[in-house]
Amino acid sequence: MSSIILEGGTFRPVFSAGVMDALLDNDIMFPYCIGVSAGITNGFSYISKQKERSYRILKNYRHDKRYIGAVNFLKCRSIFGLDFAFDEVPNKLDPFDFETFNKYDGKILVGVTNAETGKSEYMDGKELDEKCTMIRATCAIPLFFPPIKINNTDYFDGGLCDPIPIQKAINDGNKKHLIILTRPKGYVKTLSKGNVAAAKILNKKYPKLKDTFLTRHLQYNETVKFCEQLEAEGKAIILRPTSVDGIDSFEKDLNKITHAYEHGYNMAINRIDEIRSLLT
């Protein structure tokens, strides 16, 4: 079996959306899809075969204060308007095709971080509810989101513990992988002031998360190296933006967002035969 692995990154995965739209245009559907944060959010539109939906939502609502803006902190303790982004948009304004999604006969997994244990968990995407609760959880960046409660447990962004869930895909029996990263080749994550601050702020309520914040840069860099090793062994294809064509996590320039999407689409088209070979 072959997998598609989706890194997060807030708005950066619009690159990944371009890649997946190229797959849809070539009738390529992976039987196993796993990812975190905005990466797997876009993955849901791939599984529901809604080409351009992820790109369209970002383009249409990036500058809509109901979607993202400081005023949302007063309503829901989040920079994103939670009910707008995860309810009104997918259920009314740009409807998610649950019917097509439910016909998918593969596996889709959503990586989340258990705030109480500080460990990764992987939720069955087939159990997605109309309020998109598990997607809210995997996108819940600490300090930018409140924790998302599922079955009386608090969850945060899946990218905290397992930003590129390749090992889970391997453990589940996949032999070949399409790994879509949202940082350019050569990027090295460092311990940021934001992660140090988050570790201190959240330590009292969620002490198991402290080490997660202080070591996540190390795990990220090690995982990228492992992915590159798999690629060198012919077990994976890595697609990622060039340093010139990447965008910021909270990119405001719509032209850059469009360029990143098109960059992902064209990169996948140029390697479509290689990608198809992963499934044979």
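Contact here means heavy atoms within 4.5 Å. The model is predicted, with local features needing pLDDT of at least 70 and side-chain atom pairs counting only at pLDDT 80 or more, while totals for chains, interfaces and linings use all residues. Residues are numbered from 1 along each chain as its sequence is written, and side-chain values use heavy atoms, with hydrogens and water left out.

Leaving aside neighbours within four places in sequence, Phe-44 touches Phe-96, Phe-101, Ile-108, Val-110, Gly-125, Leu-128 and Ile-135. Phe-44 is also among the residues with the most contacts inside the largest nonpolar core, which has 73 residues; such a core is a set of buried Ala, Val, Leu, Ile, Met, Phe, Trp, Tyr and Cys residues joined through side-chain atoms within 4.5 Å, where buried means under 20% relative accessible area (1.4 Å probe, protein chains only). Helix α1 (residues 14-25) gives the most to this core, with eight residues, helices being DSSP runs of H or I with at least four residues and strands runs of E with at least two, numbered from the N terminus.

Strand β2 (residues 32-36) has five of its five residues buried, so it is largely enclosed by the rest of the structure. Tyr-32, Ile-34 and Val-36 point one way from β2, whereas Cys-33 and Gly-35 point the other way. Strand β1 (residues 2-6) runs parallel to β2 and is joined to β2 by four bridges, pairing requiring at least two DSSP bridges, and Ile-4 stands opposite Cys-33.

Terms used. Buried means under 20% relative accessible area, exposed over 50%, partly exposed in between (1.4 Å probe, protein chains only).
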